Each structure stands twice: as structure tokens, then as C-alpha cells.
Amino acid sequence: MVPDARKFKRDSGRALQDPALRHNLQKAMHTIRGRRNERFSELNDGAALQWIGNAIKQRSLARLPELLEQLEAKLTARGVQVHWAETTAEANRIVLDIARRRGVKLVVKGKSMVSEEMELNHFLAGHGIEALEADLGEFIVQLAGQTPSHIVVPAVHMSKGEIAELFHRELGEPYTDDVAALTALARRVLREKFRAAGMGITGVNFAVAETGTLALVENEGNGRMVTTVPPVHVALMGMEKVVANLADVAPLMRLLTRSATGQTITAYFNWLSSPRRSGERDGPEEVHTIILDNGRSAIYGDGELRETLDCIRCGACLNICPVYSRIGGQAYGSVYMGPIGKILTPQMAGLGEGGHLAGASTLCGACYEVCPVKIPIPNLLLRLRQEGSQPTPAGRTLLKGAGAGRAVGEAMVWRGWRVLHDRPAAYRVFTRLLGMLGARIPQRIGPARSWSRARALPIPARTTLHELLRERAGQ
Amino acid sequence: MKPTARERILTRLRQARAVEAVYVNPVRETDKEWLARQPEIGDLAERFTREQEAVGGDVRRVTSWEALPDTVLPWLGRQGVASVMTGTEPRLEPLRARIAESGRFALHRYERSAEEQGDEIFAVDCGITTSRGAIAETGSVIVVPTPEEPRLLSLAPAVHLAIVERARLYATLSEYIETGAYQAEVPSNHVLVSGASRTADIEMTLVVGVHGPKVFLVALIG
Ligand code: SF4
């Protein structure tokens, strides 16, 4: 998915005008925020726990190359095949090669944002392999021919009525908008698919270097099915998912589920370490792990932006974001949406294509407050904005597409602003002029236009504050 | 020879790491210290039961392994279970004998591969497994599939009954991890099960029973 500034402007505008979407989102965001807050308020000093989470991620990232090697060694020793992919194209190719070798026609998938980065379903379809989403939300979105609008609740933008219509139309079942009946329907459809599939694909929530463990967090049991029933399991992981010790996982898990869904723990916390061993009666014969870079090593090379890699994909920043909770996920036109999308996408896609997303923020800082690993999202947004519109200062790593968002008009405005504020005389003349024009400043042309389209233009006062104060002093 | 993707990635990461972090987290509190500041877990069995019940689980206290059948048989009857499956775990043999004796349930055994027994496993109503204990704070049962009790036994049937020994209750996940039991063994699969499978993917409405069991029962022994 290539982000596009013009499309973003259009789609976010449309989303704002869509009362059904606004309603669905508002309701869901309200619920999920409430649950998250409830869980945090039960803790004595949840804020301190967030900093512990941050410290764990920093410590892990500081040893990233060693930990990845250790993870690889441990997994390999137990018969898991480890692959490295620099790009999503490489990762797709690796999946395809495995599938071809095993004669796979049908793939069942657990939730994986990395597979969205790879646009894996689309890629496999192009090679005659069907990839079916097994997480209920992902299943819905796939049936609708869409992409997830949220990293934790993929179909959060849809109402049960819309989903009922969709199931009726696509699955040919009698119409029902009973949520339990819709869920039962998905269970029935997918049960057969788990058994028919030649390969199961999942993401990875945490990878533990010390033990060579892949940990999956889920509620539905689809992750367990996908990693148990098909003869091959492929786990896709972003390289930042690795932590040193199993003990690191406990606080991160405590933060993840509380932040993501407001649960103290999910129904299943599934740790995997090898294919079926001799004597075991089930489990996959082959397990593969693909460690994906896709721009992460470049992010790692910047001492400030590196913190982007702390993210544990909980979605809390989406839920709290005044922009996300109004326009929803699809308007962003990128794999990752909301605050995390606004810092991740410009770095992955480059500032040329994704830089505009860094601008889609009020910088209110709510995301930083809720982020379980304390990623300073507003600071990173400012940094990306700056580099999007200015040549990168010397001595700094050059970001892909730096300066691409530089607009001549905007640059001129700021230059003018500097001239006025540098020279008191010019400043006085300018403010006097504005005061005289007052309400006669044209609203529909020039720089005032985009501002006044949705709001009233402020009318400059006839007398400036300086003049008022002088008058007062004179009296 | 051209460097592999692996070599290129690792080289890049090593070079990249040399760049100093702009922000260094000054926090020195350890997770253990933080945990010590948390509200008391209280009696482990009580807390475990409360947490399980909060997610719709059903916990029954049983005095001993010997007393297990007297609790389990009527319990399964009330769940509308018609067929029951266990693995080859020896501690469950007395229970199996009583189930067979009662003649109330079709009794199955998971003793061959999933490829051979798949249809049977997916058709059975209830799977019964032992466990490695449980975590009180979150009401999580530690299920470790083995050749005696394979993975699907706790996953495919609509009802999963897990047996937990009270002596093996841990206050928190951290405490359990600290015992080093997992690290010493690293089983191929290890699952913390906290209630029945569920989803809230449609309008944040909770529905219990998606791809895994719809009912989760725990017999707490001791
Ligand atoms: S940036 Fe923070 S709040 Fe947002 S998804 Fe990542 S971990 Fe969660």
C-alpha cells in the first residue's frame, strides 16, 4: 500500500462526512479506552510500569544483532528453520518457495501486521495460493475486500448490520445480525479450513532469545489452530520483536493486553519452540521463522527515531488519538494507522510518500501518555515534519525522501514571518495594516483560503496589544 | 561470494548500533520491585477462582485425585457433554475407568497421530487434560501439551476440562517464570489458558467460543 498525500486528504475528508463511520468508531473507541483505563487504574503506579516496559525495549534493542543471532541459534537447534528477509519482496518469495515445495494450495492465517506489510495475501493469490484470514476481524475485512482499519480490532469501522449484510451476501447464509450467530458462522466456516490448509501463517508478539521461544497473544484460538493443525507453520516477525529473557516478557505482556483490549491477560498466551517432536501426536512437521527488516535497520540507525522500534503494537495510541478516532484507519491509506502509523509509515515508505502523515496530528500528546512503552510520538512527529520540509542538517542521517515535502509557498510564508519578527519597524507597519483591513481581509483567496474553508478567519483587532499597553501607560 | 540477506542485515545493525541513543531511560526500578508495590494477591486459590469466574470460567474445588470422578461426572452431565476424550496420562486412568463404568459418555482416547484421529478429535465434545499449575493473578492455567496429552486435546473439543493441583499455584506470571521450569525444559508448545476462546471483534461485543473451546472448566485439587 503506497501512501498518497492527496488521497489521504480526500479520504479523511470523506470519513469525517460519514455519520455511520463516525458512530461506529466513537462507540468502539469509547469502550476500548474505558477498559484500558480501568485496567491501569487497578495498578499501583501503572506509569512506572510503562517506564519499565520502555527500559526493557531499550535494553533489548541495544543488543539487537546479538539477540537475533542467539534466537536463530536456539530455534535452529530445535529444528525451526530461520530465514532473513531484507525486503517484503524477499519475505514473500521465501513463503512462496516453502508453499511450492510442500504443494500448498490453501493457507490459513492468524493476525499478523507484518503480513500486511508484505501484502502477502495478494502476492500468494497471484501465484494461485489462497490465503484465508482466521482471526474474526481479519476474516470480515478480507470478505469485504478491505484492509484492516485498526491493528488490534481490524473491523472496528463496521457495524454489526454491515457485517451481517456482508456474511449474507458472501457466505450465502440466511441473514442474521446477532453477533453470537455471526461468530458461530465464522467458526463453522473456518474449522474446515484449518484442517484443509497446507500451511499456517502467524505473526510473533515476542521472540525470546534465551530460550528460542516464539510467543503469540490471542483470544480466539485461531492462532493455536493455525500453529497446530496444518503441517507447516510460518511465523513472520519484525526484527524488533526479540527480547533477551523470558522474564522480560512478563511485564511487556502485562502492558500489552491491558493497553490493547483492557484485559489482564488474553485467553491464550501461546509459546512455541519447535516442530512436532518424535513421539508427539500433533503440531506442524515444519516450522519456519522469517525475520523481516523492511526498513527497520535504517530506523535503528537513528538515535532518536530508533524508539519507533519499541512499539509492541497494542493500538492504544489509535484509540486515544483525536484524529484516528474521527477518521478511522482506512483513510490513512497505509498499513499502520493512527499515531504509530504517522511515525512508522514516513520512515518505512520515505518522507516523499509518507511524510504528509506526520502532519496529520494535533500534537496533543495523548498517544505518548498511553503508550505502554513510552514512545515519544509527538517529538518524533516534529522531527519527521521538520525533515520532511527542510534539507537535513549536516551530521544527521539522511532520511529517505528528506525535504520532499518542502512547499515553496509555505517556505516563503515562513521567510516573511522571520523578516517581520526580525525588524520592529516592519512588524509595526504590518500589524497596523492588518488592523486597518480587519474584516476586509479576503477569506476566499490567498493564504486564508484553506483555513477559512472550515472555520471563520480571526479578524485582526483595530488596535494592537502594544498600542493598548502604551495607551494604558500614558493614562 | 555475495553476502546473504542475513549477513547484510546483521552488518547494518552492528553499524547502526554505533549511533548513540538520543534518550537514555533513567528508570532503575526493576519489575520485581514494581510488583512488590502492587496490591496483595491474597489466597492463591481464592484469587485464581475469582479471576477465572470473571472471564466466565467455572472452577470446582476437589479434595484429592481420588475424589475427582465424583465431581467431574455430574459436572460433565450438566454441560450436556455426550463424548469425552483424554490422552494417555496415567493420573487420569481412574477417572477414565469411572467414566466407562457410568456408561453415560462415549469415551475416546487420543493415542495415535492427529492425522489418524483427526475426525474423532474434532467431533468429540470434551477434552480433559492435566496441567503444570496455574497463575493466580490472571487466572491462567499452564497447559503443556505432551505425547500423553497432545495440543488438540485442549483446543478442538467444545469443552475443555483442565485439572490443576493447588500446590502448583503461582502468584504471578513473573513468579512462575522465575522458577525456571520452562527455561529448563522448553517444551515444543506451552500455553497459558485463561478462560474459553472468545472475541470482541464485532462492535466490541463479547462472544465466547470462537475457534477454541466454548466452555473452560477447572478442577482444582487440594
Ligand atoms: S506506539 Fe505505543 S501505544 Fe501505539 S501501538 Fe505502539 S506500543 Fe501501542
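Student: Where in chain A is A:Asp45 found?
Tutor: In this predicted model, A:Asp45 is found in the loop between H2 and helix H3 (46–62) of chain A.

Student: Why does A:Asp45 count as partly exposed?
Tutor: The relative accessibility of A:Asp45 is 32%. Buried means under 20% and exposed means over 50%. A value of 32% lies in between, so A:Asp45 counts as partly exposed.

Student: Where does A:Lys374 lie, and why does it count as buried?
Tutor: A:Lys374 lies in the loop between helix H18 (366–370) and helix H19 (377–389) of chain A. Its relative accessibility is 9%. The limit for buried is under 20%, so A:Lys374 is called buried.

Student: Why is A:Pro148 called buried, and where is it found?
Tutor: A:Pro148 is found in the loop between helix H8 (136–143) and helix H9 (160–171) of chain A. Its relative accessibility is 6%, which is under 20%, so A:Pro148 is buried.

Student: Which residues does A:Pro148 touch, not counting those up to four places away in sequence?
Tutor: A:Pro148 touches A:Glu116, A:Glu138, A:Val141, A:Pro154 and A:Met337.

Student: How do you know that A:Thr183 is buried?
Tutor: The relative accessible area of A:Thr183 is 1%. Buried requires a value under 20%, so A:Thr183 qualifies. The residue sits in helix H10 (residues 179–196) of chain A. Beyond four places in sequence, A:Thr183 touches A:Leu136 in chain A, and B:Thr199, B:Ile202, B:Val207, B:Gly209 and B:Val210 in chain B.

Student: What makes E1 and E3 of chain A edge strands?
Tutor: They belong to an open sheet with the order E1-E10-E7-E4-E2-E3 (chain A) and parallel pairing. Strand E1 (81–85) and strand E3 (130–133) each have a single partner strand, so one side of each lacks a neighbour in the sheet.

Student: How do you know that E1(A) and E10 of chain A pair?
Tutor: Pairing needs at least two bridges. E1(A) and strand E10 (residues 286–292) of chain A share five bridges in the parallel sense, so they pair. At one place A:Ala85 stands opposite A:Leu292 in E10(A).

Student: Which strands does helix H5 of chain A touch when it packs on this sheet?
Tutor: Helix H5 (residues 88–101) touches E1, strand E4 (199–202), strand E7 (232–238) and E10 of chain A. The direction of H5 makes about 170° with that of E10(A). H10(A) packs on the sheet as well, touching strand E2 (106–109) and E3 of chain A.

Student: What makes the strands E9 of the two chains a pair?
Tutor: Strand E9 (residues 268–272) of chain A and strand E9 (residues 189–193) of chain B have five bridges in the antiparallel sense. At least two are needed, so the two strands pair. A:Leu272 has B:Asn189 as its bridge partner in E9(B). The open sheet that holds them has the order E8(A)-E5(A)-E6(A)-E9(A)-E9(B)-E6(B)-E5(B)-E8(B), with mixed pairing.

Student: What lies across the chain A strands of that sheet?
Tutor: H12(A) lies across strand E5 (206–208), strand E6 (213–218), E8 and E9 of chain A, at about 170° to E5(A). Helix H2 (residues 19–41) of chain A also approaches H12(A): their axes come within 7 Å and cross at roughly 145°. A:Ile32, A:Arg36, A:Arg39 and A:Phe40 in H2(A) meet A:Leu255, A:Arg258, A:Ser259 and A:Ala260 in H12(A).

Student: Which residues touch the most other members of the largest nonpolar core?
Tutor: In this core of 108 residues, they are A:Leu68, A:Phe206, A:Val242, A:Phe269, A:Tyr324 and B:Leu173. The largest share, eight residues, comes from helix H12 (residues 246–260) of chain A.

Conventions. Residues are numbered from 1 along each chain as its sequence is written. Chains are lettered from A and ligands numbered from 1 in the order in which they are written. This is a predicted model: local features need pLDDT of at least 70, side-chain atom pairs count only at pLDDT 80 or more; totals for chains, interfaces and linings use all residues. Side-chain values use heavy atoms; hydrogens and water are left out. A nonpolar core is a set of buried Ala, Val, Leu, Ile, Met, Phe, Trp, Tyr and Cys residues joined through side-chain atoms within 4.5 Å. Buried means under 20% relative accessible area, exposed over 50%, partly exposed in between (1.4 Å probe, protein chains only). Helices (H or I, at least four residues) and strands (E, at least two) are DSSP runs, numbered from the N terminus. Contact means heavy atoms within 4.5 Å. Axes are lines fitted to C-alpha atoms, for helices over the stretch in contact, and angles run from 0 to 180 degrees between N-to-C directions.
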